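Hi,

Have a look at it first, then read on for what turned up.

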Amino acid sequence: MNKTLFWYIFGNLFRVFLMTTAGLAGMMSFAVLLRPLTENGLEFNQVNRLLLYSLPAVSVYSLPVSALFATTMVYGRFSADNELTAMRACGISYFSARRFSIALPALVLGLVVAVISLLMLCFIVPAYSEKVEEVIYSNIARVIANRIDRTHSLAFQNSDGSSYNIYADAAKMAFDPRRPWIQSVELFGPAWMKYYRSPSDPDVAIPSEFWMARNALVSIDRSESTPMATVALTGGIKFPRIFFGNVQVGVSSTGFGPFEIPSLVTENVKFMNINRLAQLAQDPGQSQDVQVILRELRRLQQQQEYLAAIWTAMNHLAADGTSSYSFPNDSPEEDAFEIGGQNPILQWRGGYLVIAAPGSGDNRTVWMRQTHGSQLTLSAHAKEIDIRAQPNVDPRSTTGLSADRFNMNIEMFNVDLETQNGVKTPRGSFARSFSVPMSAPIRAIGKKRLADFMRDPLSQEGSDSGQIDHWQVPWGWYFRLHHDQIRANNAARSELHGRASFALSCLSLVLVGCALGVMFRSGNFLNAFACSFVPALLCMTLIISGQQTATHVPFALGAAFKDPLPMSLAIIWSGNIVVLIAAIYLTFRLQKR
């Protein structure tokens with residue numbers, strides 16, 4: 001008889017549970033479409049794939065509510081029809097750890113649903129949730145067009161630390177049937193600005209290039225793993241980074257690129273399986289946000305170490321007060337560059353090295369020479385030389401800097417140029433760019449990890465630049481690194497606890513629903529919904545609130561810093577604790593009847 005009763009109750013529970021899950025999952029699937037439809041616009045095939053990929057997530061998120069609703073409704077109907085009274089009259093207790101009891105089918109349902117939800121949350125839901133985002137942003141051109149139409153602006157970050165801000169009056173999709181793999185969008189009245197982060201403060205963006213045009217055609221090639229964009233300008237003009245005197249002119253430009261389009265699917269712990277979350281919790285340095293900062297710190301230290309070598313050489317004066325530095329090259333057949341000066345004045349400005357002639361006059365005693373073999377091809381004497389070194393970053397690298405060379409930029413001001421033909425030309429400014437190999441010690445900096453930078457000496461707060469011959473982590477970058485690595489750790493750990501708490505809520509809510517159904521003695525749909533809504537809402541709200549609290553890391557250091565992780569974990573589990581206490585209390589009351 002016990003076996004028959006078990007399958008009778010469990011069958012009713014399982015049937016109502018499946019119907020409720022199907023209904024809730026269907027409603028939630030269409031709710032998932034609202035944001036991407038209104039913000040990005042979707043094609044028909046994107047809608048189909050979005051509905052398909054969202055099913056695992058919406059099904060899992062409906063499980064606790066469905067299980068609670070099923071137990072409340074089924075046990076309420078059994079109680080209202082006096083079926084439970086008949087069972088009690090036959091000596092079957094409400095709950096027993098040793099033999100069959102009335103609550104056993106509900107307990108089994110709760111355990112099964114908890115295990116299923118935990119497995120799906122750990123392995124299946126993250127993969128399909130990421131596919132949902134990939135579908136939304138699969139048509140990059142459409143995303144750009146919709147954002148321009150809504151906000152007239154778009155910003156994105158490159159792996160080399162630079163960023164683009166795009167402004168336009170309007171945008172529309174374009175299509176070239178000869179190149180179907182190319183996504184295109186036409187911008188009207190566009191303005192493009194390229195920025196680099198300040199070496200001393202990551203929150204300060206330094207503009208480096210600026211374009212304007214009547215219209216622009218952005219072509220995005222997605223044949224490679226990293227999308228690359230090329231911009232063709234109509235009536236385009238590019239403004240120089242530095243204006244001289246009162247003259248402000250632009251240079252005609254027909255386009256620029258290709259440059260990488262970073263993935264619009266940002267890192268999210270919701271997309272990580274249990275193994276990836278455990279790795280991130282163990283080593284927050286694996287976070288993409290932290291990796292961006294680490295790449296920039298490696299670049300800054302490599303840049304400073306190389307410019308420090310130039311500084312040392314230029315400070316080593318000969319008996320006549322002259323000094324020089326020869327840039328290394330790969331073979332004698334390539335052009336060679338050398339700089340030097342007479343009693344030069346050197347200044348380190350945190351991102352570049354300035355070599356200036358002494359005095360306030362127009363004496364041009366600092367110089368640069370370009371030679372090919374033994375032949376002098378160019379000689380330039382200037383009042384000031386600015387030297388910048390940029391490690392060449394592979395934009396397709398996902399493991400950090402793979403640089404083995406420096407892209408050098410030598411910019412001179414108040415210059416006298418002399419070519420190999422002896423022709424002298426005065427200029428306000430002159431620049432030369434070339435590439436030089438990195439030394440092995442500087443290449444090794446590209447392998448530094450989070451723990452290495454956390455042990456490095458720290459510059460003083462508010463300091464724009466430290467000593468060029470003594471590497472210190474800029475205070476602003478250290479502050480951001482400290483904040484983001486704690487945020488990554490908290491996000492991973494709160495997600496792990498959130499998934500476990502969510503799975504456990506299936507069991508605790510079932511126990512509460514079973515007791516409430518017996519006590520209220522009603523199988524009415526509305527009563528069951530009212531009874532199940534409050535405890536389910538309590539559990540879900542507290543889990544989400546705890547996860548949000550964990551990632552709100554305060555921008556503070558030292559004694560003023562308080563990690564929100566302990567509080568967030570308490571919030572995540574508090575809903576389950578309250579519901580479980582209520583379930584135990586109600587079970588004891590029913591057991592004593």
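**What I found**

Among contacts (heavy atoms within 4.5 Å) with a separation of 6 or more, 67% join residues 24 or more positions apart. Please keep in mind that this is a predicted model, where local features need pLDDT of at least 70 and side-chain atom pairs count only at pLDDT 80 or more, while totals for chains, interfaces and linings use all residues. Residues are numbered from 1 along each chain as its sequence is written, and side-chain values use heavy atoms, with hydrogens and water left out.

The chain has 12 helices and 19 strands; these are DSSP runs numbered from the N terminus, with helices being H or I of at least four residues and strands E of at least two. Of its 593 residues, 48% count as buried, where buried means under 20% relative accessible area, exposed over 50% and partly exposed in between (1.4 Å probe, protein chains only).

**Helix packing**

Two packed helices are described by the angle between their axes and the distance between the axes. Axes here are lines fitted to C-alpha atoms, for helices over the stretch in contact, and angles run from 0 to 180 degrees between N-to-C directions.

Helix 4 (residues 104–136) packs against helix 2 (residues 44–80) at about 160°, with the axes 9 Å apart. The two are therefore roughly antiparallel, the label for angles over 145 degrees. Their contact is made of 20 nonpolar, 5 polar and 2 charged residues. For these classes, Ala, Val, Leu, Ile, Met, Phe, Trp, Tyr, Cys and Pro count as nonpolar, Asp, Glu, Lys and Arg as charged, and the others, Gly among them, as polar.

Helix 4 also packs against helix 10, at an angle of about 160° and with 8 Å between the axes. That makes helix 4 roughly antiparallel to helix 10. By class, this contact has 17 nonpolar, 2 polar and 1 charged residues. Residues that meet there include G110, L111 and L118 in helix 4, and A503, L507 and L511 in helix 10.

L118 is worth a click. This helix 4 residue is partly exposed, with a relative accessible area of 34%. Leaving aside neighbours within four places in sequence, L118 is in contact with R499, A500 and A503. L118 and L504 lie 386 residues apart in sequence, yet 8.5 Å apart in space, C-alpha to C-alpha.

**Cores**

A nonpolar core is a set of buried Ala, Val, Leu, Ile, Met, Phe, Trp, Tyr and Cys residues joined through side-chain atoms within 4.5 Å. The largest one has 40 residues, and L13, Y75, L84, M87, Y94 and I102 touch the most other members. Elements giving two or more residues to this core include helix 1 (2–39), helix 3 (83–89), helix 11 (525–551) and helix 12 (565–592). Not counting residues up to four places away in sequence, Y94 touches R88, I102, L511, V518 and L590, among others. A second, separate core of 34 residues includes M314, L346, M412 and V436.

**Two backbone details**

N82 has a positive phi near 65° without being a glycine. Its place is in the loop between helix 2 and helix 3, and N82 is partly exposed at 42% relative accessible area. N343, not a glycine either, has a positive phi of about 50°. N343 sits in the loop between strand 13 (335–342) and strand 14 (345–348) and is partly exposed, at 38%.

Happy browsing!

How values were computed:
Angles under 35 degrees count as roughly parallel, over 145 as roughly antiparallel, 65 to 115 as roughly perpendicular and the rest as oblique.
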